[in-house]
Amino acid sequence: MKKITKATYLKWYEDMLFWRKFEDKLAQVYIQQKVRGFLHLYNGQEAILAGALHAMDTDKDRMITAYRNHVQPIGLGVDPKRVMAELYGKGTGTSQGLGGSMHIFSKEHRFYGGHGIVGGQIPLGAGLAFADKYFKRDAVTLTFMGDGATRQGSLHETLTMAVNWNLPVVFCVENNGYAMGTSVARTARSTDIYKLGNGYEMPCAPVDAMDPEKVAEALDEAIARARKGEGPTFLELKTYRYRGHSMSDAQHYRTKDEVAEYQKIDPITKVRNILIDKKYATEDDIKKIDKRVKDKVKECEEFAEESAFPEKNVMYDVVYEQEDYPFLPHKL
Amino acid sequence: MKTIQFREAVQQAMSEEMRKDESIYLMGEEVAEYNGAYKASKGMLDEFGPDRVIDTPISELGFSGIGIGSAMNGNRPIIEFMTFNFSLVGIDQIINNAAKIRQMSGGQFNCPIVFRGPTASAGQLGATHSQAFESWYANCPGLKVIVPSNPYDAKGLLKSAIRDDDPVIFMESEQMYGDKGEVPEEEYVIEIGKADIKREGTDVTIVSFGKIIKEAYKAADELEKEGISAEVIDLRTIRPMDHATIIESVKKTNRLVILEEAWPFGNISTEITYQVQEQAFDFLDAPIIKINTADTPAPYSPVLLKEWLPNSEDVVKAVKKVMYK
């Protein structure tokens with residue numbers, strides 16, 4: 001694994017804080033009704049992305065996830081202004097305003113979505129890895145899903161084939177405790193999700209995912225295994241989300257105390273404390289980072305606000321590769 | 001020209017394309033070692049090896065999705081369903097991923113994939129194995145839907161489907177795999193989206209597609225004996241639909257009967273009926289009649305199944321009605 005250094009921690013702090021503040025901004029503009037539809041925020045789960053990005057080779061590895069997907073493409077290198085614009089439904093968005101909150105994609109940065117159906121992305125992730133194995137490319141696909149998705153049949157079918165065919169894929173379950181409003185314990189008898197891997201004779205493990213170092217270590221091992229041609233790994237990344245499932249979630253299924261307990265082990269606070277304790281940064285340095293993050297979020301907001309809405313014909317332009325597809329008329 | 005079976009036409013189309021393009025593979029249940037449940041991939045494992053002709057577990061959802069993921073990453077997969085009845089457990093992948101990836105990504109990803117296998121009834125198989133889902137798939141923007149009715153069309157259209165950069169649903173029939181027909185020895189393709197006038201006529205237009213079109217041919221023979229000249233149009237592609245060929249024919253015959261093996265509610269015949277009344281209202285000399293299966297799940301008993309399915313007698317009756325004879 002790449003060494004974890006002062007520079008790593010400084011990057012982690014700035015990245016994670018930016019992701020948090022980016023999501024906070026989205027929540028704010030959602031309330032102002034500038035962003036509509038569903039909005040699933042990543043607050044609390046940032047250590048997973050930070051650790052994953054450290055472990056993967058972002059020049060060749062791939063990532064796919066479900067609908068809690070705004071910050072992953074940013075981490076992979078997508079301009080956050082374009083992600084914000086997508087949520088505003090603007091033509092400058094990552095999908096020209098056709099995708100929205102749940103459907104962010106970047107072919108250039110090997111981010112394959114952004115998927116709105118729980119568990120629907122799991123076989124796609126294995127398929128990306130299938131193609132890499134088929135063409136003998138040296139790339140590994142990180143396939144993310146929530147704890148809720150592990151109760152979908154798509155997981156069973158995909159794990160069966162992925163392990164049988166030795167696909168270069170890592171299945172990463174972000175267990176934030178709740179499938180929407182239903183706790184993991186209420187969805188199945190066994191709450192140790194990682195143990196599902198055992199049924200497929202797939203290496204599997206639980207990971208403390210409130211700590212980016214732990215995530216990076218676990219993923220590094222899994223990615224190395226996949227890269228060596230030794231097949232997939234199934235990891236349960238134990239995390240927590242502070243906000244509701246989406247924006248209209250009153251969160252009656254948990255107590256404020258529970259949320260407060262997790263905020264005590266907040267991954268960003270943890271990274272910040274390490275910066276100070278190890279003298280990687282002074283309070284002044286941190287203030288400067290905080291200011292940079294704030295300004296960058298503001299830039300995203302301004303870009304999204306100022307961007308134009310897409311032209312109406314875009315709706316037809318992107319459905320088929322065929323240029324002259326004869327769409328049926330829908331009104332006079 | 002050489003006479004071959006429908007299953008050989010399918011096999012030839014896939015093999016010829018696979019020889020030219022390394023990114024194409026065939027995946028499905030029993031496609032490799034068993035040579036295909038209906039022998040439509042006979043000999044392909046031997047020629048292309050297990051990396052390109054791939055047996056799967058019985059996991060339609062899983063291997064549909066793996067196919068789509070690989071299509072987003074450089075492959076051009078052919079996914080075989082043993083029957084489209086089994087595609088229902090994987091339909092989420094087709095509708096929500098294959099059909100939408102391009103649109104949802106703002107055109108960044110395309111999805112060059114073919115899902116193929118038999119559709120509609122195939123004898124006394126009962127309700128779960130006798131269904132036609134053409135109208136379900138054709139309803140979904142992002143997909144193309146092809147249903148050939150003979151070996152020549154199957155080969156030419158399947159080659160086009162494999163070369164197409166959009167996801168294609170390609171529907172065959174268990175009861176057509178043994179059908180024989182002439183196929184040129186030299187290479188050819190048939191353009192997607194073009195109907196074919198299988199039999200020219202002047203008095204009435206019969207539109208159909210897939211294996212049931214044979215009942216239209218039989219009806220046309222019967223009608224000819226009675227001095228009625230029927231034009232039979234084979235749609236071949238359901239989506240996009242070739243309206244022009246149908247409209248032109250109706251403008252000539254002024255009468256239309258549609259034969260489709262599918263439940264009557266909101267099916268392909270319904271769509272054709274709408275298009276014709278919109279585009280050729282003044283040319284119609286009689287209401288359009290559509291002939292479909294009964295509005296029930298397919299029954300098992302031979303007597304009931306016969307009653308459930310449309311046949312040539314139904315077509316003759318309908319033609320006489322639109323001709324007021």
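On a 1 Å grid over the protein atoms alone, a cavity is a set of points where a 1.4 Å probe fits but cannot get out, whereas a pocket is an open set with protein on both sides within 12 Å along at least five of seven lines; lining residues have an atom within 4 Å of a point. The model examined here is predicted: local features need pLDDT of at least 70 and side-chain atom pairs count only at pLDDT 80 or more, while totals for chains, interfaces and linings use all residues. Residues are numbered from 1 along each chain as its sequence is written, chains are lettered from A in the order in which they are written, and side-chain values use heavy atoms, with hydrogens and water left out.

**Enclosed cavities**

Searching the whole structure gives two cavities of 30 Å³ or more. Each volume is the space filled by probe spheres set on the grid points, which are joined across faces, edges and corners. The largest cavity is lined by B:Thr119, B:Ala120, B:Glu134, B:Val147, B:Glu172, B:Ser173, B:Phe209, B:Gly210, B:Lys211, B:Ile212 and B:Glu261. Because domain 1 (2-183) and domain 2 (196-322) of chain B both contribute residues to this lining, the largest cavity lies between them; the domain bounds come from an automatic or database domain assignment.

The lining of the second largest cavity consists of B:Ser130, B:Gln131, B:Ala132, B:Glu261, B:Ala262, B:Trp263, B:Thr293 and B:Trp308. Here too domain 1 (2-183) and domain 2 (196-322) of chain B both supply lining residues, so the second largest cavity lies between them.

**Open pockets**

The lining of the largest pocket comprises 23 residues, and A:Leu328, B:Ala138, B:Asn139, B:Arg239 and B:Glu271 lie nearest its centre. At least two lining residues come from each of helix 12 (314-317) of chain A and helix 6 (134-138), strand 12 (237-239) and helix 10 (268-280) of chain B. Helices (H or I, at least four residues) and strands (E, at least two) are DSSP runs, numbered from the N terminus. Helix 10 of chain B gives the most to this lining, with three residues. Domain 1 (2-183) and domain 2 (196-322) of chain B each provide at least three residues of the lining of the largest pocket.

The second largest pocket has a volume of about 500 Å³. Among the 32 residues that line the second largest pocket, A:His40, A:Tyr67, A:Arg68, A:Met180 and A:His245 are the closest to its centre. Strand 2 (141-146) and strand 4 (178-179) of chain A each supply at least two lining residues, and strand 2 of chain A gives the most, with three.

The table sets out volume and lining class. Ala, Val, Leu, Ile, Met, Phe, Trp, Tyr, Cys and Pro count as nonpolar, Asp, Glu, Lys and Arg as charged, and the others, Gly among them, as polar.

| Space | Volume | Lining residues by class |
|---|---|---|
| Largest cavity | About 70 Å³ | four nonpolar, three polar, four charged |
| Second largest cavity | About 40 Å³ | four nonpolar, three polar, one charged |
| Largest pocket | About 630 Å³ | 14 nonpolar, seven polar, two charged |
| Second largest pocket | About 500 Å³ | 13 nonpolar, 14 polar, five charged |

**A buried glutamate in chain B**

B:Glu80 lies in strand 4 (residues 76-80) of chain B. B:Glu80 has a relative accessible area of 4% and is therefore buried (under 20%, with exposed over 50% and partly exposed in between; 1.4 Å probe, protein chains only). Its side chain makes a polar contact with the side chain of B:Arg116 at 2.8 Å; such a contact is a pair of N or O atoms within 3.5 Å, of which, within protein, one must be able to donate a hydrogen and the other to accept it, and residues adjacent in sequence count only if both atoms are side-chain atoms.
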